[in-house]
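Please look over the sequence and the structure before reading the points below.

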Amino acid sequence: MLLTLSTTLNSHPATDLGFLLHKHPERLQSFEVMAGTAHVFYPRADAEECTAALLLEINPVDLARHARRSGDRSLGTYVNDRPYVASSLLAVALGKVFRTALNGRCDARPELVRQAIPLRLQLPAVPDGGAPELLERLFAPLGWHVETRPLADPEWGRVGYVELTLRGELPLAEALNQLYVLLPVLDDTKHYWVAEEEVDKLLRAGGDWLTSHPDRELISRRYLAHARTLVTSALTRLADPDSEPEPHQESGRPLAAQRRSAVLERLRATGARSVVDLGCGDGRLLRDLLDDAAFTKIVGVDVSTGALAAAERKLGLERLPERQRQRLRLRQSALTYTDSALSGHDAVVLMEVIEHLDPARLPAMEHAVFGHARPATVLVTTPNTEYNVRYPNLAVGAYRHPDHRFEWDRAQFAAWAGRAAERFGYAPELDGVGEHDAELGHPTQLAVFTRTEPGRTEPVRGRSNSTEPSRSDANSEDARA
Ligand code: SAH
């Protein structure tokens, strides 16, 4: 499905549309969005006229999976118009791809943000909402000149879709917010429930234009009723604990994938051959490690048998050739437990795991990992809480995952890393993963600990503090895990 947005700016070169949208006219950019990929490109970009296109490619299989997770098991989840017609999914993509523009922010051309600019919006296939005159009713009061061309099927006649062209002079943010609300209104998908936060979203996007719209009641009713697809992402996260909320980043690559690449790169750089992934979850990093023959011995450890079962299934262990299977072992254990199976490896990875521990149990983990397992390299990643303001769906002060016990800012992580390294004879190096923000840093913090004092298995005497548990304490903690 496609949306094009054209303008001729009088006071500025038309290509300034790129500044308003925060998307460079000379670049094709792609973003992972719910159930597909959104591409932004400019079919025309010169001083007179500039057209930006948002092309949304829906993956019907992903979509069916989303729908089934939210309880819809009908055939309609497989056979439907979603991939072809502008709908709630396009609204979701708009919200993600043009978020800054929707919020009416543009530091490069602030004077253009509030200015009404000549706009032409085109949507090649829009559901007519069940009543052909509805489009006129919805858009005309907002100042749009509405042009519709019914799409007819040669055999079936009218099919309920139109090609829609809107012309008007409005501030860009207002136009985008109107689409964000009205596309789901036109969309006639079935719905099951509506979350409270959708009301907030409607009020935020609706602003002044909705309060004065003669059909504000119909719009609100339909928007909220059809908001199911917007809610699906929340549902998906509930159904799939491995998926995580995504920060707003210009690059479309999911943060988890960027994290795995960064960890692999660091592991390769250390020359590690045998690696323990502590808190391996469903085993995505294990898969990457298996794919690289440099890693000859791979151990995945998790406290959750459910996670290990998922890892086993996703890795297709029983289908792996014997030689591959020999390289990998899965083990149920707690990372606060001094487990001798974890000793004698080159590297231990703790990727997004420490924040799942009670802060009081961190010393037990440090003892087990740095003191007892004692690999040449320990890699730790954890959220950078400063970056949380860039998460569009995260409430202020909320953690990225309900199971997190803490989330540290950069100073807290650096302080912890420094203390642990000193106590156990490691040198820490701090880095980050994901898009860097000058003020907030990276979304993910990364620390690489390199062992500097080989043999030691106990903390340096005199530097250990009273919270340092004895080995038996660590064991008894595990019994309760
Ligand atoms: N490393 C994976 C999973 C992170 S989620 C990734 O980055 O995708 C955190 C994982 O740590 C979960 O799988 C959870 O079961 C595990 N975990 C939490 N507490 C643990 C503990 N005490 N010992 C071992 N694993 C633990």
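Two strands pair if DSSP finds at least two bridges between them. Helices (H or I, at least four residues) and strands (E, at least two) are DSSP runs, numbered from the N terminus. The model is a predicted one, in which local features need pLDDT of at least 70 and side-chain atom pairs count only at pLDDT 80 or more, while totals for chains, interfaces and linings use all residues. Residues are numbered from 1 along each chain as its sequence is written, and side-chain values use heavy atoms, with hydrogens and water left out.

**Confidence**

- pLDDT is the predictor's confidence in each residue, from 0 to 100.
- The protein chain has a mean pLDDT of 82, and 79% of its residues reach 70 or more.
- Over residues 69-79 pLDDT stays under 50, and the model has 16 contacts beyond four places in sequence for this stretch; contact means heavy atoms within 4.5 Å.
- Over residues 228-241 pLDDT also stays under 50, and here the model has 31 contacts beyond four places in sequence.

**The chain as a whole**

- The protein chain has 17 helices and 14 strands.
- Of the 481 residues in the protein chain, 53% are buried. Buried means under 20% relative accessible area, exposed over 50%, and partly exposed in between (1.4 Å probe, protein chains only).
- Accessible areas come from the Shrake-Rupley method with a 1.4 Å probe; for residues, only the protein chains shown count as cover.
- Among the contacts in the protein chain with a separation of 6 or more, 72% are between residues 24 or more positions apart.

- Ser30 has His39 of strand 3 as its bridge partner.
- Strand 3 also pairs with strand 4 (residues 50-58), in the antiparallel sense and over 8 bridges. Phe41 has Ala53 of strand 4 as its bridge partner.
- A hairpin of 4 residues joins strand 3 to strand 4.
- Thr37 lies in strand 3, which spans residues 36-45. The relative accessible area of Thr37 is 18%, so Thr37 counts as buried.
- Beyond its neighbours within four places in sequence, Thr37 is in contact with Ser30, Phe31, Glu32, Leu55, Leu56 and Glu57.
- In a regular strand the side chains alternate between the two faces of the sheet.

**Strand 6**

- Leu151 is in strand 6 (residues 145-153). Leu151 counts as partly exposed because its relative accessibility is 23%.
- Leu151 and Val162 are 11 residues apart along the chain, and their C-alpha atoms are separated by 5.1 Å.

**Ligand**

- The ligand is surrounded by 14 residues, of which the closest are Gly279, Asp302, Ala334, Leu335 and Met351. A residue is near a molecule or strand if one of its heavy atoms lies within 4 Å of it.
- A polar contact is a pair of N or O atoms within 3.5 Å; within protein, one must be able to donate a hydrogen and the other to accept it, and residues adjacent in sequence count only if both atoms are side-chain atoms.
- An N or O atom in the side chain of Asp302 is 2.6 Å from an oxygen atom of the ligand.
- A polar backbone atom of Leu335 is 2.9 Å from a nitrogen atom of the ligand.
- A nitrogen atom of the ligand lies 2.8 Å from a backbone N or O atom of Met351.
- On its own the ligand has 560 Å² of accessible area, and the protein covers 79% of it.

**Helix 15 and residues with positive phi**

- Helix 15 (residues 362-373) is mostly covered, with 12 of its 12 residues buried. Among them are Glu366, His367 and His372.
- Arg374 follows helix 15 and has a positive phi, near 50°.
- Glu352 sits in the loop between strand 11 (347-351) and helix 15. Phi of Glu352 is positive, near 55°, in a residue other than glycine. With a relative accessible area of 15%, Glu352 is buried.
- His22 is in the loop between helix 1 (17-21) and strand 2. Phi of His22 is near 60°, again a positive value in a residue other than glycine. His22 is partly exposed, at 30% relative accessibility.
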